[in-house]
Amino acid sequence: MKHFFLILLSVLGLGLGSAEGASIITVPVTPAPNQWMVFRKTIDVAGDPSDNTLRIAADSKYWLYVNGQREVYEGQLKRGPNPKDTYIDYVHLRHLKKGSNTIAVLVWYYGKHGFSHRNSNTGGLYFDLAVGKRHYGSDKSWKAALHPAYYTPAGDVPNFRLPESNIGFDARKDIPDYFSPSFNDSAWGDAVETTPEKADWNKFYRREIPQWKDYGIKSYPSERREGDKVICALPYNCQFTPVLTVKAPSGKVIDVRTDCYHTGGPGGEPNVHAEYVTRDGEQTYESLGWMNGHEAIYTVPAGVEVVSLGYRETGYDCAFAGSFLCDNQDLNTLWKKSQRTLYVTMRDNYMDCPDRERGQWIGDVSNEMVETFYALSPSANLLTRKCAREFADWQKPDSVLFAPVPAGNWDRELPMQSMAFMGLGNWNYYLGSGDAATIKYVFPAAKRYMRKWKIQDNGLVEYRPGAWDWGDWGSDADMQSMCQEWFSITLQSYARQAELIGEMKEAKWAMSAADKLNEAFRAKYWTGKSYRFDTYKDRTDDRTQSLAVLSGIATPEQYPAIREIFRTTEFSSPYMERYVLEALCKMGYYQDALDRMQRRFKLMIDSPITTLWELFDTRELHGSYNHAWSGGPLIILSRYIAGVSPIKAGFETFQVKPELCNLKYVNTVVPTVRGNIKLDVNQSTGYQMKLTVPRGTKAEVLLPEKYAKYSVNGRTRKPAIAKADSTRRLLKLKEGTYTITAE
C-alpha cells in the first residue's frame with residue numbers, strides 16, 4: 001500500500017502552467033495532419049548533471065535524445081486531462097553530462113481528432129530542463145525543421161476514430177544522424193515561439209502513469225512466405241513497432257500491416273499501416289507508430305533482399321503479477337486470454353480494442369479496472385485513477401458524463417455505461433486500491449450526474465436514453481428494466497462513496513432512493529417467473545435478471561426461477577456476461593457460473609487467438625478479436641472461484657472463500673497494493689489450503705462447514721460457524737504463511 005501511494009503522490013501537482021524562460025516551439029508551416037518535426041539545441045551544463053528534472057510536452061508524441069542516446073521512446077500522453085489542457089511528462093535524464101550537451105527531439109503531430117485524443121492547433125514541443133537551480137528552456141534559439149522523410153501514404157486512411165495516421169517514410173530523404181552531436185543543423189530554421197494559450201495547449205497537467213515498458217527489439221518466433229508477402233508470427237497479440245533490415249535499390253516500396261488492419265476481417269474498417277521507400281544499399285528502419293496483432297505482414301517487392309525482420313514490443317509498465325491455475329485447462333486458458341486482452345488494451349488510456357478505436361469506453365473500463373487487481377501489478381491502478389479523473393473532468397456543463405474521453409470527435413452519452421463506472425466502478429476502484437483521494441476528487445461530478453436523473457413519485461427513475469440509447473450488443477434487451485436496475489446499483493455505490501468522504505446527507509438520500517426504487521420495481525415488474533418491464537414485449541432478457549440480483553431487487557425466493565432463465569437464455573454480449581456470471585455467484589450457483597462460462601466462451605477458449613473477442617461469434621464482421629470488455633471470466637475465477645476479495649480498502653482485510661465446485665484444486669496469486677496474496681486450495685483428497693497473508697493485512701478465511709476441525713500450521717483449531725454463512729467456518733488470520741488442513 002505504501003508503495004502504491006508513493007507512486008500516487010509522485011504524479012500529483014496538476015495544472016502547472018509554464019516555467020519562466022520556456023515557450024512552446026514549432027516550425028513555421030501551416031499545421032496539417034501527420035506532420036513530423038525535429039528540434040535541436042546545444043546547452044552547456046555547469047552544475048551537477050545528475051541533479052536534473054525535465055518537464056517536456058508535445059502535441060502529439062515525442063522521441064527524446066541527449067548526446068546521441070535515446071532518453072524517451074514515445075513520450076507524451078494523448079490530449080487531454082480535460083477538454084482544454086495538456087499532459088506533461090517529468091523525466092530524469094540519464095545521459096546528461098557536465099559541459100556541452102546536444103538535445104534532439106522528434107515530434108509527431110497527429111493533426112486530427114480521434115476517440116482517444118483532442119487535437120490542438122499546434123504541433124510542437126515544450127522543454128523545461130532544471131539542472132540544480134538553473135533552467136534550460138525551449139525558445140526561438142532552438143533549431144527546427146519538418147522531417148523530410150515522413151509522408152502520408154496514398155490509399156486507405158485509418159477510420160475516423162483513430163487520431164493516428166498511416167506512416168510513410170522515404171529513406172532517400174532521411175536525416176539519419178539528426179540526434180548526433182556532430183550533426184550540422186545550420187540549414188535548419190529557427191524555431192517559432194508561441195504561448196500555451198495561442199497553441200491551444202493551455203495548462204499543463206503532470207503525467208499520471210509511467211513511461212512505456214520497452215521490451216527491446218526481437219526476432220519474430222516464425223516467418224513464412226506467401227508470394228511477395230513475408231508473414232511474421234508474433235508470440236501473442238501485443239503493441240509493437242515493426243523493424244526491417246533489407247538490401248535494396250533505391251525507390252522500392254515496402255508495406256507493413258498486421259492481421260488486425262481491417263477490424264472484423266476484409267470487410268471491416270481500416271486501421272493503421274506503415275510504408276517504407278528504400279534508399280540504395282543495406283538499411284534498417286523502425287516504423288514508430290505502434291500496431292497490434294498476431295501477425296506482421298511485410299509486402300516486399302521484387303529486387304529487395306530481406307536481411308532480417310523484427311519487432312519492438314512496448315506497453316504499459318506493469319508486471320503480469322497475478323495468476324490463476326486449476327485442473328480445468330479450459331478455465332486456465334480463459335483466464336490467461338483475459339489477462340492478455342487486458343494488457344493489450346492499456347496504453348495512454350484503457351481501450352475497448354487496440355486497433356479500430358483505442359477509445360476509453362467507460363463500460364469496458366468497469367470490467368478492466370477490476371481485472372487489474374487480480375492480473376497485474378499495482379502500478380496498473382494508476383491508469384484507473386487517470387481514467388476516473390478524466391471522466392469527471394470532461395463532464396459537460398449540463399452534467400452529462402460521456403465516454404470515450406479524451407476525445408475530439410465524440411461527445412455522446414451512454415447512460416448505462418456512465419452509471420456502471422461512476423457508481424460501481426469507482427467503488428470497486430477504492431476497494432482494490434484504497435485511493436480515497438480519487439473518490440473525493442470525482443465526487444462533485446458524480447453528485448451533479450446523479451442529481452440530473454429525475455426520480456418519480458413512485459420511486460422509479462425517469463428513463464433517459466441519452467445521446468445513444470444503448471444497453472448492450474445483441475437482441476432482446478429490456479432497456480427500461482436495465483435502466484432502473486443500473487440506477488439502483490449506482491445509487492448504492494454512490495451512497496458508499498458519499499459516506500466515505502463525509503457527505504452523510506447525500507449518502508442517506510441515495511440509500512433511501514435505492515430502497516424505494518427496489519421495492520417499487522420488485523412489486524410491479526416481477527411476473528412470478530422473471531423481471532420484465534410492462535412495455536417490453538420480446539423474449540425474457542438474461543441481462544435484466546442479472547442486474548436484478550446484483551441490485552438487491554431480486555429476493556432469495558426468486559433465485560430458483562432466475563437460475564432457470566440463466567440455464568436457457570443467452571442474449572448478453574461478453575460485456576454483460578460478466579454480470580450474469582456474477583449474479584449466479586451471488587445467488588450461490590457457482591457451478592452454474594463455471595458451466596455457463598465454459599459453454600459461452602468455448603469458441604474463444606479453443607481458438608489459437610491469444611485474446612478475447614468483442615462478440616461471442618467471429619462471424620459478426622464488425623467485432624474485434626481483442627476486446628477489453630470480454631475479460632469478465634478473470635474476475636469470476638479470481639474473486640468467486642478462488643474466492644479472494646477485499647473487505648477493507650486496499651485489501652487491508654480480505655476474504656478467502658474458495659468455491660471450487662467440481663475442481664480438484666485452485667492456485668492463485670493476487671497482487672495487491674500491500675503485497676501478494678498467495679492461495680493454494682486442494683480438495684482432491686480431503687481439504688488443504690496454503691495461504692500467504694501479506695504484511696500489514698488480515699484475512700478472513702471461510703472454510704467448509706462439514707469439517708469441524710482444522711490443523712493450522714500443525715495446531716488443531718475448531719473455527720466457529722460464520723455468522724453470515726452457515727455453510728462455512730470462519731478463521732481469522734494475521735500476516736504470515738499458513739498451511740490449513742481439514743482433520
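User: What makes a residue count as lining the largest pocket, and which ones lie nearest its centre?

Analyst: A pocket here is an open set of points on a 1 Å grid over the protein atoms alone, where a 1.4 Å probe fits, with protein on both sides within 12 Å along at least five of seven lines; a lining residue has an atom within 4 Å of a point. For the largest pocket 32 residues pass, with Lys586, Arg639, Tyr640, Ser645 and Gln655 nearest the centre. α12 gives the largest share, five residues. Mind that this is a predicted model: local features need pLDDT of at least 70 and side-chain atom pairs 80 or more, while totals for chains, interfaces and linings use all residues. Residues are numbered from 1 along each chain, and side-chain values use heavy atoms, without hydrogens and water.

User: How do you know how big that pocket is?

Analyst: Its volume is the space filled by probe spheres set on the points, which are joined across faces, edges and corners. That comes to about 1100 Å³, and the second largest pocket has about 510 Å³.

User: What residues lie closest to the centre of the second one?

Analyst: Tyr65, Phe179, Thr284, Tyr285 and Glu286, out of 23 lining residues. β21 gives the most to that lining, three residues.

User: Why is the crossing of α10 and α11 called left-handed?

Analyst: Because the near helix is turned anticlockwise from the far one by less than a right angle, the crossing counts as left-handed, and that's the label for α10 and α11.

How values were computed:
Helix = DSSP H or I, 4+ residues; strand = E, 2+ residues; numbered from the N terminus.
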